[in-house]
Amino acid sequence: MTQTIYQYVVGAFVISQISVIALRQKSDVNAASECIDGPSASYRGKRNYTASSTPCQRWNARHPHIPKQEPPDGKNHNYCRNPDFDIHGTWCYTTNASRRWEYCNISKCQDNSKVLWSTQSLVGKGTIWSRSADAEIALKFPDIKSIYNSSEYSFVWSMASDPCHEKVFFSDHIHETLSIHSMTTNETTHRLKGLMRFVGNMAYDWLTQNLYWTDSSLGSIMVVEKTMKHYAFVYHSTDRIDSLTIHPKQRKLFFSTFGNMSHIICTDLAGKREKIIISHADKLKFNDLHFDYWDNRLYWIDYPGLFLPGSSIGSSFLNGSDVKVVYASTFAKFRGIATYQDTIYVSDRSSYKSRVENRFYKIWYINKNNYDRRFFKTLNTPKAVTVYNIREKTCSDEEDLPEGGCKNMPECEHICLPRIDAPRECACSIGYTKLGETKCVARIQTENFLLIHDEGQQKLFQLSLNESRSFNVIPMAYSSSVSAMALDEVRQRLFWWDRTQSAIYQTGLSGIDPKILIKGVHVKSMTVEAQTGNLYYADDDTEFIYVIGITKNGAYRKMLMKPAPEKRLLTNIQKIATDPLHRHVYWIDTNGDYNEGELRRMNFDGTNQKLLIKNMFYPRAITINIERNSLFFVDHIDIVDEISLTELQLDKDDNYIYPRKHVYNLKLSPFTNIASLEIDDPVMYIATTTQKEILQLNVNYENTSLIAVNGTPPFVRLTSVNVFKKDSSKKFSSIPNPCSSNACQHICLITSSNTSSCACADGYSLVDAVNCEANNETIKDEPPSYNNTCPQDQYVDVVPCLNISVPWSAPVWIDDNTENSKLNLTAPDISNWTEIGNHNYLYTATDEVGNVGHCSFTVFTTSLTWENAERFLPDLTTFLISKECRGEQLIINVSCKNRSLCVTHGAFQNKTLTNIWDSANSNLIQSKNSEITCQSLCRTTKSKNTGLDAGAIAGIIIAVSLVVVVGACFLYFQMRQKGSYPTTDNIPLPDACQNHQYHEFH
């Protein structure tokens, strides 16, 4: 009997295995080669057994299990499916009565698409990370790795991908560059230096290879073509523009604005045919925007307003209809968003901490269909998110619209911008004028104009002073890195210093055919002496002042001034100017600290050096106007004063206070720095490093209206402005020029109204009154040099409470006779560099004979977070404002200056109003509708005596919270069992339960 039963069991087992084999053969599936391409919910194959080889139950059968789920392709089969969008893949109900369901474990096809996100470490170094964009693959094979690591302080603010050419674009907020990273070679190049400081978002058009980005400081959308040489403004708004995304095939540009209202606006890719598709009247801010090909929808991140914490994910159709909230969190601070197939990725800047782990941040990935929310951790603060998508509808050159594309059209010389229902538009780079349909020209002006240096673009521009207000670039800047400029009005010559070449160039006003005058120099400021055409400049390396004589045979340089030994390490010359009327060179020197500034002067030949004004607060700009016989200078960063040149000729000691006229106090902002002044009597033109326009005022009236000069697009960072008039030479014609008939071989220097002297370049001596020859003196041991490695002046916007490293590298020194290992090096204390204000730093190197080389620069530290906060704070004459950091959170507290009074805000009353600032949203947490005041009496509210101390009360609160959380999670996962709840529910997952793998309840 026993043997009979045994034989029966063995026979049944054999028959069952034969049945399984037969079922596999009947399904016609090659298990070794089959894979799922895309989300497993879209699988329509014929696999009909589970990972344990158990046959699947038919979906319409009622035995051995009663199905609660139904596949999209019907129930009349027993194939593996994923009707509830389970992230672990396909599954089926089994024919095993003791096992309700199992996964089928069908492998996924290879997918090299990646989700990319950027982080910033506690020391401020930026990193870009990658992971498989397919959430199902990433769950099984966590392949997180870095693709870009910055070696210095950086902030990857925004990203876009070009999988067609295997590139990733990203903006570096600190270095103000567009970086292009190759996904094949892992090499990174940097372009558009200076343009990329306030980039909110960027998006790439693979059809034209144009890259679009928003500049929140300019309120503009900009575009650059594939060579990165030509860029232009596409759209400008008086509101802040933060986010954008594009649909290349439909030629649509979507972007968000933030002002009195928040909008999502749609235009074509030329910024035309504008239409508002979504509006918020309650200060909701669209913080990021993304177009998704998978379901043809827009996705964005919202801040819920002034008074609510957290953030949410919204979505709509492309016309703005069917607006819905995909997910809202009361704690998360979402920043970047991207999608891939059925998954939404968002970066979360809120920090989390568990009992067993240090603080961390999250990258969330959310299923669009069942709202399953999961995350992976990152130890550093995340920022931008993008998807490197090599599978979806990218790289195809087929367009959805018949008219308006760039394909099969005459090539645009600069930039081709696709249109909707209109011919494509050829756009010209900033400063160029379109000629015909496709050509671009720079219309050089030869009469009355402003010459403007924009260091942000590293270019020179002309702005007509005539009614036309025409604006153009001087095209030589495309092959140069312009870092200082001087204009010779009389001879119509232009000089500039190229930082990358360490050379001074000369050209005509057209910029054509520039010639190198001097190599191996480091210029801080330069100016032209009108009578002789000599060029004077302050060397940023040595702080010496030189003169360059320009003749038919070449350019000759002679040192005229070097600081006294005791001041050698303090000198920090900002600007120089020449006075042809009295034959003087003036310069301002900050001496490296506040209240140590000086105005100094010398003759054209370097003699009679004199200190005129001392203990200036922080002088930044200087100019001389001979029609007014005046010198103008800027002190206290934004206060403009005028002094008579005649008064300055008086023989006074350095304690004498020269009479001055207070021209203007700009009061633009505590972070505004005037970089340059120029007078076209009675109009003063002002360039600042923070304003995006040239400003002007009438100097005949104290504190007259300050207005912007019309006719230009927004500038990036202005550093210099000069006036050129066609009849400029007339104003100098009455001034004697003894050098007009002088035949000096090298340099002619005016010494009086009737006399001049010849001078030779360094290393040469006069052999008679006019001729020079090389002297036989032993070559002097030169001070150490940094060989162009001294940091430039830094303009840094810091994030409060973030411990970040410096955004520059120390100079690398070399010396002509002393080995590097024997140089005595000093470095400044840079511990205060993140404090708001201007900081002067000095590195030195001393060789064996005592020669000292020095590298000095200024760090202009601002904080948009704190600047935004100041706009909302109460009157500082009544209140005391204090700042503190709690972790990475900026806390702003308000108290009354009169400590006997209490701060009153709505129902709140206390000595101090704490934490009134939400740094994530750049807004007050406290309601602006309830005024903050000081009152004489403090109302106090006494609580009833419960008989429990604070510790006991806290314990009860914690216990109740745990019960609520555990209960919520239990109910949630009970509802989520297969068949216990519809698959398209929008039940929000409790924050405490997120990332739990509820698939265990199938």
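In the predicted model, Cys109 has a relative accessible area of 16% and is therefore buried, the limit being under 20%. Cys35, at 33% relative accessibility, counts as partly exposed. These two residues, Cys35 and Cys109, form a disulfide with their sulfur atoms 2.0 Å apart. The torsion about this S-S bond is about 90°, so the disulfide is right-handed. Cys35 lies in the loop between helix 1 (2–27) and strand 1 (91–93), and Cys109 in the loop between strand 2 (101–103) and strand 3 (114–120), so the pair ties together parts that are 74 residues apart in sequence.

A search of the whole structure finds eleven disulfides. One of them joins Cys406 and Cys416, with 1.9 Å between the sulfur atoms. Its torsion is about -100°, so this disulfide is left-handed. Cys406 is located in the loop between strand 26 (381–388) and strand 27 (415–417), while Cys416 belongs to strand 27, so the parts tied together are ten residues apart in sequence. Cys416 is buried, with a relative accessible area of 14%.

Cys412 and Cys426 form another disulfide, their sulfur atoms 1.9 Å apart. A torsion of about -75° about the S-S bond makes this disulfide left-handed. Cys412 is in the loop between strand 26 and strand 27, and Cys426 is in strand 28 (residues 425–427), 14 residues apart. Both Cys412 and Cys426 are buried.

The largest nonpolar core contains 49 residues, of which Met202, Trp213, Leu450, Ile452 and Ile694 touch the most other members. A second, separate core has 22 residues, including Val547, Ile576, Phe604 and Cys744.

Technical notes. Residues are numbered from 1 along each chain as its sequence is written. This is a predicted model: local features need pLDDT of at least 70, side-chain atom pairs count only at pLDDT 80 or more; totals for chains, interfaces and linings use all residues. Side-chain values use heavy atoms; hydrogens and water are left out. A nonpolar core is a set of buried Ala, Val, Leu, Ile, Met, Phe, Trp, Tyr and Cys residues joined through side-chain atoms within 4.5 Å. Buried means under 20% relative accessible area, exposed over 50%, partly exposed in between (1.4 Å probe, protein chains only). A disulfide is a pair of cysteine sulfur atoms within 2.5 Å. Helices (H or I, at least four residues) and strands (E, at least two) are DSSP runs, numbered from the N terminus.
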